[in-house]
Amino acid sequence: MSSPKILSVDDSRMIHTLINKGFAPYDVQMVFASNGAEGLEVAAKEMPDVILLDVTMPIMDGVECLGKLKADPALKDIPVIMLTAEAGKENVLKIAKMGVRDYIVKPFTEANVIDRVSRLVTLKPKAAVTAPAPAATAPAAKKTRIATDAIKILVVDEHPAIAESIAKAVAKRGWKVVNCPSPAEAQPHIATTVPAEETPDAILVSLAFPSKAALKFYQSVRMNPALKGVPLVGLSVKTATFDQNEAKETGYCAIFTKPLELGELPDRIARAMELDITPLFYSNEGDCQVVTIPQDLSETGSLDLTRQSRKKIADFVNAGFAKLIIDLTGVSKFEIPLIRAVTSIIHECNSLDIKWRIVGDDTDNLPNLPTVVSTNLKVAALKDLPNPFTNTAPLNIYPNKAAAAAAF
Amino acid sequence: MTSTEKPGSALFIQTINRYVPEVMQTMVGLSATPGTGIENYPQPSKLKGVTGAIGLSGKVNGIIYTAYSQRLSKHIAEKILGGSAGEQDILDVVAELTNMITGNLKSTLCDMGYNCTLSIPSVMRGDEISVSAKNATICVANDYVIEGSSDSLRVVVFATLEN
């Protein structure tokens, strides 16, 4: 596959120089134009993969150029990222309506531009193209991670107690935490010389460091091509909204507010890393698939399990399975996250004609499970979900998986 | 949310005090420490060195100037471009930095209901650049001490707000 082509349309040579410098470590082709009219010509001739488009330019401004790009059938699908110092709500809404893919507010850093472009095209470090050493191909190696992998989390926070509580919360997944009390002390962990297998998989950074150190740290991370896909999450007190907005604008993918909800934390980190969490819940038993729902299923975990189960269950069907056991033996209290997960899994099974059975302790842990399920289905939060128990036989609860499997 | 409060001199100074250091820190990697600010900047006034200017027109009419000494403009251009900067490079850098500061000021004003458009930046050189805006009701300025330089950056805003 040829290297991605990036067109920068800006009347400022300074911007072209900065963009060119920023992309220098990557295998890309850069083309330039100095106003909207020239940008249209170059776009038609070069057919770039991404266009970086300034707003205020002589001859033809960026907004007019964007309109013409979107009106041209040959060019309309090229993603456009606007670069603008004018980030007022009205201006942003106007360009958003015109079909711009993203926008970057000036002043910007090279790392910020690389980050946004890398969401649209695959950027490979030049080193990876000329000498495909394992360390240089690290971004590709980070693909399709699952929650049972050995995950390494770098926590950059001045308070050791924060890192300790995070370490404790993720230990049940077998994930490791490395703590650095300042961005300066974290530099050795994000250096380009760090072997790929030792780079962090996720980075949590306190936004409370002075002199915008968290934002500068973000830029340092993004300057290392091997850390391109590693998510950075800001840690902040709830009221520090200015810091939070600034961090999001810089590129932090999420903000976790302190005090941290430790029960949610592993799943929130998994979400930031786009991990597949289904291996934590699904297993094979004979010709049945089993999904085991734990009592401590978090709100985030429930939502992600619900979302990821759709694909997982469809994959079962493709693989020839037709039976699913929902194991609720660890459940003693039927709370909203559990109800959501169970009902959506059952609904998915019904849609795909998969037979399902529930295993649970109806006498001790979860008395009157059918009634509890039916009642809870009326909870407002679930009202848009079709009732999975409609048109099915009376809900039986089996005491163990063997009994459930025998009942299919 | 659009505010009904009419922006005054203090808000203009606050806004440039927010964005000048942000632009300098992000683009140049240098801190810019604001002075106390001048709420009734006299006009006409003289600026000297390399001066960027951008006009605002709409519900706010006016002009913003950023004045650098020759030495400071060269220092900043070279810091941004990572090498020696020629005459054209310096003019280009001053124009772009003025654009970033003004664009952010414009965004603040637009979010308060004072929509306006910006002109293309122009850059002047000289020891006695006379600046004024006859009907301006907002005449503010501030000096910014740039890290590692004995010269300051002066930012001047003249503006009239529609009633």
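A pocket, on a 1 Å grid over the protein atoms alone, is an open set of points with protein on both sides within 12 Å along at least five of seven lines, and its lining residues have an atom within 4 Å of a point. Helices are DSSP runs of H or I, at least four residues, numbered from the N terminus.

Now, what we are looking at. This is a predicted model, where local features need pLDDT of at least 70, side-chain atom pairs count only at pLDDT 80 or more, and totals for chains, interfaces and linings use all residues. Residues are numbered from 1 along each chain as its sequence is written, chains are lettered from A in the order in which they are written, and side-chain values use heavy atoms, without hydrogens or water.

Start with the largest pocket. Its lining has 41 residues. Which helix gives the most to that lining? α1 of chain B, with seven residues. B:Glu22 and B:Thr26 are among the residues nearest the centre, and so are A:Val105, A:Pro107 and A:Glu249. By class, the lining has 16 nonpolar, 12 polar and 13 charged residues. Here Pro counts as nonpolar, Glu as charged and Gly as polar.

Next, the core. A nonpolar core joins buried residues (under 20% relative accessible area, 1.4 Å probe, protein chains only) of the types Ala, Val, Leu, Ile, Met, Phe, Trp, Tyr and Cys through side-chain atoms within 4.5 Å. The largest one has 64 residues, and A:Met14 and B:Ile80 are among those with the most contacts (heavy atoms within 4.5 Å) inside it. Helix α1 of chain B, residues 9-28, gives the most here too, with nine residues.

Conventions:
Buried means under 20% relative accessible area, exposed over 50%, partly exposed in between (1.4 Å probe, protein chains only). Helices (H or I, at least four residues) and strands (E, at least two) are DSSP runs, numbered from the N terminus. On a 1 Å grid over the protein atoms alone, a cavity is a set of points where a 1.4 Å probe fits but cannot get out, and a pocket is an open set with protein on both sides within 12 Å along at least five of seven lines; lining residues have an atom within 4 Å of a point.
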